[in-house]
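Subject: Structure handover

Hello,

Here is the structure I promised to pass on. Please open it and keep it beside this email as you read.

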Amino acid sequence: MNDLAEIKKNEKSKEQRFYKEQFIISKNYRGRRDLLNAILDDDREYTTEEVETMIAEYMKGKVK
C-alpha cells in the first residue's frame, strides 16, 4: 500500500506548475485575467487543474 501512495505522490510532483503571471499571460485564460488576479497568489505555483477548480468554485459562489 505504501507503493501506491508513493506512485501517486510522484505523479503529483510531475504535474507541471505555473506562477500566477504565467496563467495571466496565457491565451487559454485571456478572458479571465481579472479573476485570476483576484484569486491567485503572486508567489505560489499552481497546476492547471488547481486553477480550473478555483475558477469553478469562485463562479459557484453567491453574489453579495
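Below is what was found in it, topic by topic.

First, the ground rules. This is a predicted model, where local features need pLDDT of at least 70, side-chain atom pairs count only at pLDDT 80 or more, and totals for chains, interfaces and linings use all residues. Residues are numbered from 1 along each chain as its sequence is written, and side-chain values use heavy atoms, with hydrogens and water left out.

**Salt bridges**

How many salt bridges does the structure hold? There are three. The term means a side-chain nitrogen of Lys or Arg within 4 Å of a carboxyl oxygen of Asp or Glu.

Start with Glu-50 and Arg-17. Their closest N and O atoms are 3.4 Å apart. This pair links distant parts of the chain, 33 residues apart. Glu-50 sits in helix α4 (residues 48-60). Arg-17 sits in the loop between α1 (2-14) and β1 (18-19). A word on those labels: helices (H or I, at least four residues) and strands (E, at least two) are DSSP runs, numbered from the N terminus.

Glu-50 is partly exposed, with a relative accessible area of 27%. Arg-17 is also partly exposed, at 33%. The cut-offs are these: buried is under 20% relative accessible area, exposed is over 50%, and partly exposed is in between (1.4 Å probe, protein chains only).

Glu-50 has another partner. Its side chain meets that of Arg-44 in a salt bridge, at 3.8 Å from N to O. Arg-44 is partly exposed, with a relative accessible area of 36%. Shared partners join Arg-17, Arg-44 and Glu-50 into one network of salt bridges.

Asp-42 and Lys-20 also form a salt bridge, at 2.9 Å from N to O. Again, distant parts of the chain are linked: the two residues are 22 apart. Asp-42 lies in the loop between α3 (33-39) and β2 (45-46), and Lys-20 lies in helix α2 (residues 20-25). Asp-42 is exposed, with a relative accessible area of 59%.

**A closer look at Lys-20**

Is Lys-20 buried or exposed? Lys-20 is buried, because its relative accessible area is 9%. Its side chain reaches the backbone oxygen of Asn-37 at 3.1 Å. Leave aside its neighbours within four places in sequence. Lys-20 is then in contact (heavy atoms within 4.5 Å) with Leu-36, Asn-37, Leu-40, Asp-41, Asp-42 and Arg-44.

**The core**

Now for the nonpolar side. A nonpolar core is a set of buried Ala, Val, Leu, Ile, Met, Phe, Trp, Tyr and Cys residues joined through side-chain atoms within 4.5 Å. In soluble globular proteins, nonpolar side chains tend to be buried together.

The largest core here has ten residues. They are Phe-23, Ile-24, Tyr-29, Leu-35, Leu-36, Ile-39, Leu-40, Tyr-46, Val-51 and Ile-55. The elements α2, α3 and α4 each give two or more residues to this core. Which element gives the largest share? That is α3, with three residues.

Not counting residues up to four places away in sequence, Leu-36 touches Lys-20, Phe-23, Ile-24, Tyr-29, Val-51 and Ile-55.

**Aromatic pairs**

The structure holds two aromatic pairs. Rings of Phe, Tyr and Trp (its six-membered ring) pair if their centres lie within 6.5 Å; planes under 30 degrees apart count as stacked, over 60 as edge-to-face and the rest as tilted.

Phe-18 is partly exposed at 22% relative accessibility, whereas Phe-23 is buried at 3%.

Phe-23 also pairs with Tyr-29. Here the centres are 5.5 Å apart and the planes are at 80°, so this pair is edge-to-face too. Tyr-29 counts as buried, at 5% relative accessibility. Ring pairs link Phe-18, Phe-23 and Tyr-29 into a cluster.

Finally, find Thr-47, in the loop between β2 and α4. Thr-47 counts as buried, at 6% relative accessibility. Beyond its neighbours within four places in sequence, Thr-47 is in contact with Glu-15, Gln-16, Arg-17 and Phe-23.

Best wishes

Key
Polar contact = N/O pair within 3.5 Å; in protein donor to acceptor, adjacent residues only side chain to side chain.
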